[in-house]
Amino acid sequence: MPALRVLSLFTVLLTTAVSVPYLSYHTSRIPVVGSKPEPSSNRISTDGSAAENSTASHTVTHRVSVGGRCGPDAGHCGEGLCCSPAGYCGSTTAHCYAPDCQLDYGSCDANKTPEGRPTDDIPRPWIGSVPYGQGIYSCRAPYTFAMTFDDGPNIYTSDLLDVLDNFTAKVTFFMTGINSGKGEIDDFTTPWGALIQRIHKSGHQIASHTWSHQDLSKISPSQRRDQLLKNEAAIRNIIGGIPTYMRPPYSNCNVECMADMADLGYHVTYFNIDTNDYNNDDPETIQKSKDIVDKALARGQETPGHPFLAIGHDIHAQTVYNLTAYILRRVNDAGYRAVTVGECLNDPRDNWYRWDYRSN
């Protein structure tokens, strides 16, 4: 194919995505080493995506080759090809990256499955006093500040761990398994597996943010279950167990989703401080995120010891190299402890994971 045609096609892929309303609070578009971040944002749950059409009647059954149109009323990509967010078949990262690749019309990254035994038959008893299948928005233990980080691991996460070590702070990482072209987290030819082991050994809490960052309220029940079970298997392949805490992408989990999370034995974790770091990843604007935290801590002084559950993202440079240290200094100055979600809920560490003791 002539180079000019390839360039033209790639331009179309990156510029023809449908514009949709802003529906969510954060991004899973991660700056992966060796790749250029896409210009559009994953802070939105894309209307008209394959996820929403998963229960629809698909009348188009023909297979589409490279460069052809795909998606609802267009067609399904041929074997090994992905249906891009803009609705074209191909095999590049721009076509295949999760969560925007159209699941029902091609072979997206999200369709990959971690190696090893599936986790669906691991026993899932409800243990402890923290509710399952219900939204958790705040902590219980007084004078605790639970900082959480979504969407990683990625290129800044190792440096974030160094910052946390300097403050002897513990946090919770809500991890995704394969989104944004970073590869599978349990593929030890990438840095992620060893990095997750470091997180675990350092005493931080590992929780699930799903396999490929799909909107759990817009996909089918089987796809929703798949999102949790695949991420479980990848995490199990790294640390030997599966998490009991999760955060829904886009903070979106409807009644049916909550019922599934209860069935899978998950504590559904939200937050009461949104640092808004995804909108302020710039030296000129990160002060806005600092102001959010300052105002929250000031309000907390009205009820001494009022605990906080905050959200940030370890995929943003300003969050890692600027905001986190600022938050931890302010937390210490206010007499709070930086702890994991489990600790701030008075949930013993033994309850944070279910270990895979099954024989092969």
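Biologist: Which elements make the right-handed β-α-β unit here?

Modeller: This is a predicted model, where local features need pLDDT of at least 70, side-chain atom pairs count only at pLDDT 80 or more, and totals for chains, interfaces and linings use all residues. Residues are numbered from 1 along each chain as its sequence is written, and side-chain values use heavy atoms, leaving out hydrogens and water. Helices (H or I, at least four residues) and strands (E, at least two) are DSSP runs, numbered from the N terminus. A crossover is right-handed if, with the strands pointing away from the viewer, the path from the first strand over the helix to the second runs clockwise, and this unit consists of β12, helix α7 (residues 286–300) and β13.

Biologist: How many bridges join β6 to β13?

Modeller: Strands pair if DSSP finds at least two bridges between them. Strand β12 (residues 273–274) runs parallel to β13, with Asp-274 partnered by Ile-311. Strand β6 (residues 144–150) also runs parallel to β13, and Met-147 has Ala-310 as its bridge partner. The number of bridges joining β6 to β13 is 6.

Biologist: Are the residues of β13 that point either way buried or exposed?

Modeller: In a regular strand, side chains alternate between the two faces of the sheet. Here Phe-308, Ala-310 and Gly-312 point one way, and Leu-309, Ile-311 and His-313 the other. With 6 of the 6 residues of β13 buried, the strand is largely enclosed by the rest of the structure. Taking buried as under 20% relative accessible area, exposed as over 50% and partly exposed as in between (1.4 Å probe, protein chains only), the residues on both sides are buried.

Biologist: How wide an arc do the buried residues of α3 cover around the axis?

Modeller: In helix α3 (residues 157–166), the buried residues are Thr-157, Leu-160, Leu-161, Val-163 and Leu-164. Their arc, taken from the directions from the helix axis to the C-beta atoms, puts them on the same side of α3, as it spans only 160 degrees.

Biologist: Which elements do the buried residues of α3 pack against?

Modeller: Contact means heavy atoms within 4.5 Å. Not counting residues up to four places away in sequence, Leu-164 touches several residues, including Phe-173 and Leu-328. The buried residues of α3 pack against β6, β7 (172–175), α4 (192–201) and α8 (317–333).
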